[in-house]
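Here is a short briefing on salt bridges. Look over the sequence and the structure first, then read the points below.

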Amino acid sequence: GKYVVYFQAFTNTYAEPMVLRRVYETAIALHPDIVGLNVGTRPDCVTDDIVAVLKDLASKTDVTVELGLQTIHPDTQAAMNLCYATDDFDDAVERLKAADIPVVAHVIDGLPGETPAMMLDTIRHVAESGVAGVKIHMLHVMKGTALGLRYETNPFPLLTLPAYVSIVC
(Lines give C-alpha, C1' and ligand atoms only; values in the text may rest on other atoms or scores of the structure.)
Protein backbone atom coordinates (compact mmCIF):
# COMPACT_ATOMS: atom_id res chain seq x y z
CA GLY A 1 0.00 0.00 0.00
CA LYS A 2 2.52 2.64 -1.04
CA TYR A 3 1.85 5.38 -3.58
CA VAL A 4 3.63 7.44 -6.20
CA VAL A 5 2.13 10.81 -7.08
CA TYR A 6 1.90 10.88 -10.87
CA PHE A 7 1.59 14.18 -12.71
CA GLN A 8 0.81 12.64 -16.10
CA ALA A 9 -1.49 14.69 -18.29
CA PHE A 10 -0.15 17.69 -20.18
CA THR A 11 3.14 19.44 -19.36
CA ASN A 12 3.86 19.31 -15.64
CA THR A 13 6.93 21.54 -15.64
CA TYR A 14 5.24 24.48 -17.33
CA ALA A 15 5.22 26.95 -14.44
CA GLU A 16 7.68 28.95 -12.44
CA PRO A 17 10.06 26.71 -10.46
CA MET A 18 8.85 27.99 -7.07
CA VAL A 19 5.23 27.28 -8.06
CA LEU A 20 6.17 23.78 -9.13
CA ARG A 21 8.12 23.20 -5.92
CA ARG A 22 5.04 24.14 -3.89
CA VAL A 23 2.73 21.93 -5.98
CA TYR A 24 5.08 18.92 -5.86
CA GLU A 25 5.81 19.29 -2.14
CA THR A 26 2.11 19.61 -1.35
CA ALA A 27 1.34 16.49 -3.38
CA ILE A 28 4.01 14.29 -1.78
CA ALA A 29 2.93 15.42 1.70
CA LEU A 30 -0.72 14.40 1.18
CA HIS A 31 -0.35 10.92 2.67
CA PRO A 32 2.32 9.15 4.73
CA ASP A 33 2.39 6.23 2.26
CA ILE A 34 3.45 8.42 -0.66
CA VAL A 35 6.96 7.27 -1.58
CA GLY A 36 7.62 9.03 -4.85
CA LEU A 37 6.87 11.61 -7.49
CA ASN A 38 6.58 10.93 -11.22
CA VAL A 39 6.42 14.04 -13.43
CA GLY A 40 5.41 13.80 -17.07
CA THR A 41 6.58 16.64 -19.29
CA ARG A 42 7.97 17.77 -22.61
CA PRO A 43 11.73 17.88 -23.20
CA ASP A 44 11.65 21.56 -24.11
CA CYS A 45 10.09 22.40 -20.73
CA VAL A 46 12.91 21.06 -18.56
CA THR A 47 14.99 24.09 -17.63
CA ASP A 48 18.01 24.04 -15.36
CA ASP A 49 15.88 25.65 -12.63
CA ILE A 50 13.31 22.84 -12.94
CA VAL A 51 16.08 20.25 -12.76
CA ALA A 52 17.32 21.92 -9.56
CA VAL A 53 13.83 21.71 -8.00
CA LEU A 54 13.51 18.05 -8.96
CA LYS A 55 16.99 17.27 -7.65
CA ASP A 56 16.14 18.87 -4.32
CA LEU A 57 12.88 16.89 -4.11
CA ALA A 58 14.82 13.72 -4.93
CA SER A 59 16.62 14.15 -1.61
CA LYS A 60 13.20 13.73 0.08
CA THR A 61 11.45 11.11 -2.08
CA ASP A 62 11.96 9.06 -5.23
CA VAL A 63 11.60 11.29 -8.30
CA THR A 64 11.20 10.12 -11.89
CA VAL A 65 10.60 12.24 -14.98
CA GLU A 66 8.56 10.84 -17.85
CA LEU A 67 9.84 12.69 -20.88
CA GLY A 68 7.82 12.80 -24.09
CA LEU A 69 9.82 11.96 -27.17
CA GLN A 70 7.20 10.22 -29.33
CA THR A 71 9.55 9.89 -32.34
CA ILE A 72 13.04 10.90 -33.45
CA HIS A 73 11.97 11.68 -37.01
CA PRO A 74 11.87 15.44 -37.81
CA ASP A 75 9.18 15.17 -40.49
CA THR A 76 6.87 13.34 -38.11
CA GLN A 77 7.68 15.75 -35.27
CA ALA A 78 6.69 18.64 -37.53
CA ALA A 79 3.55 16.91 -38.83
CA MET A 80 2.44 16.17 -35.25
CA ASN A 81 3.21 19.76 -34.20
CA LEU A 82 5.42 18.58 -31.34
CA CYS A 83 7.39 21.87 -31.32
CA TYR A 84 10.51 20.17 -29.98
CA ALA A 85 13.26 18.12 -31.56
CA THR A 86 15.22 15.01 -30.68
CA ASP A 87 18.10 17.24 -29.58
CA ASP A 88 15.80 18.76 -26.94
CA PHE A 89 15.03 15.27 -25.63
CA ASP A 90 18.71 14.29 -25.60
CA ASP A 91 19.65 17.49 -23.77
CA ALA A 92 16.93 17.06 -21.13
CA VAL A 93 17.90 13.42 -20.58
CA GLU A 94 21.54 14.34 -20.05
CA ARG A 95 20.76 17.14 -17.60
CA LEU A 96 18.32 14.97 -15.63
CA LYS A 97 20.77 12.06 -15.55
CA ALA A 98 23.51 14.42 -14.32
CA ALA A 99 21.16 15.31 -11.44
CA ASP A 100 20.61 11.58 -10.71
CA ILE A 101 16.95 11.77 -11.74
CA PRO A 102 15.74 8.69 -13.61
CA VAL A 103 14.04 9.34 -16.94
CA VAL A 104 11.34 7.27 -18.60
CA ALA A 105 10.99 8.00 -22.31
CA HIS A 106 7.48 8.19 -23.79
CA VAL A 107 7.19 6.91 -27.37
CA ILE A 108 4.19 6.55 -29.68
CA ASP A 109 4.11 3.80 -32.28
CA GLY A 110 1.87 4.19 -35.32
CA LEU A 111 2.32 7.91 -35.95
CA PRO A 112 1.11 8.86 -39.45
CA GLY A 113 3.68 8.11 -42.12
CA GLU A 114 6.00 6.11 -39.90
CA THR A 115 7.10 2.64 -40.89
CA PRO A 116 7.97 -0.13 -38.43
CA ALA A 117 11.64 0.49 -39.26
CA MET A 118 11.25 4.16 -38.27
CA MET A 119 9.59 3.16 -35.00
CA LEU A 120 12.51 0.83 -34.27
CA ASP A 121 14.96 3.66 -35.05
CA THR A 122 13.24 5.68 -32.34
CA ILE A 123 13.55 2.84 -29.83
CA ARG A 124 17.23 2.34 -30.70
CA HIS A 125 17.83 6.02 -30.03
CA VAL A 126 16.01 5.79 -26.71
CA ALA A 127 18.02 2.70 -25.73
CA GLU A 128 21.28 4.50 -26.53
CA SER A 129 20.22 7.51 -24.44
CA GLY A 130 20.52 5.51 -21.24
CA VAL A 131 17.04 6.23 -19.90
CA ALA A 132 15.78 4.13 -16.99
CA GLY A 133 12.62 3.02 -18.78
CA VAL A 134 10.42 3.32 -21.84
CA LYS A 135 6.66 3.76 -22.10
CA ILE A 136 5.41 2.76 -25.55
CA HIS A 137 1.91 3.70 -26.65
CA MET A 138 0.05 2.84 -29.80
CA LEU A 139 -1.31 5.96 -31.51
CA HIS A 140 -4.73 6.92 -30.22
CA VAL A 141 -6.82 9.16 -32.48
CA MET A 142 -9.49 11.15 -30.66
CA LYS A 143 -12.47 12.86 -32.25
CA GLY A 144 -12.43 16.63 -32.06
CA THR A 145 -8.63 16.93 -32.00
CA ALA A 146 -6.46 18.19 -34.84
CA LEU A 147 -5.31 14.62 -35.47
CA GLY A 148 -8.91 13.37 -35.33
CA LEU A 149 -9.99 15.93 -37.92
CA ARG A 150 -7.01 15.01 -40.08
CA TYR A 151 -8.00 11.33 -39.89
CA GLU A 152 -11.65 12.08 -40.72
CA THR A 153 -10.75 14.10 -43.84
CA ASN A 154 -7.78 12.02 -45.00
CA PRO A 155 -7.65 8.64 -43.23
CA PHE A 156 -4.19 7.20 -42.67
CA PRO A 157 -3.40 3.60 -41.77
CA LEU A 158 -3.62 2.71 -38.09
CA LEU A 159 -1.69 -0.12 -36.49
CA THR A 160 -3.60 -3.25 -35.70
CA LEU A 161 -3.05 -4.76 -32.28
CA PRO A 162 -1.00 -7.66 -33.74
CA ALA A 163 1.18 -5.22 -35.73
CA TYR A 164 1.72 -3.06 -32.64
CA VAL A 165 2.64 -6.07 -30.51
CA SER A 166 5.01 -7.31 -33.21
CA ILE A 167 6.80 -3.94 -33.40
CA VAL A 168 7.06 -3.61 -29.62
CA CYS A 169 8.33 -7.16 -29.22
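Glutamate 94 is partly exposed, at a relative accessible area of 47%. Here, buried means under 20% relative accessible area, exposed means over 50%, and partly exposed lies in between (1.4 Å probe, protein chains only). This is a predicted model: local features need pLDDT of at least 70, side-chain atom pairs count only at pLDDT 80 or more, and totals for chains, interfaces and linings use all residues. Residues are numbered from 1 along each chain as its sequence is written, and side-chain values use heavy atoms, leaving out hydrogens and water.

**A pair within a helix**
- Glutamate 94 meets lysine 97 in a salt bridge (3.6 Å, N to O). The term means a side-chain nitrogen of Lys or Arg within 4 Å of a carboxyl oxygen of Asp or Glu.
- Both residues sit in helix H4 (residues 86–98), three residues apart, about one turn of the helix. Helices (H or I, at least four residues) and strands (E, at least two) are DSSP runs, numbered from the N terminus.
- Lysine 97 is partly exposed, at 33% relative accessibility.

**A pair across the sequence**
- Aspartate 33 forms a salt bridge with lysine 2, with the closest N and O atoms 3.3 Å apart.
- Aspartate 33 lies in the loop between helix H1 (17–28) and strand S2 (34–41), and lysine 2 in the segment before strand S1 (3–7), so the pair ties together parts that are 31 residues apart in sequence.
- Lysine 2 is exposed at 57%, whereas aspartate 33 is partly exposed at 24%.

**The wider count**
- The structure holds 11 salt bridges.
- Salt bridges link Arg21, Glu25, Asp56 and Lys60 in a network.
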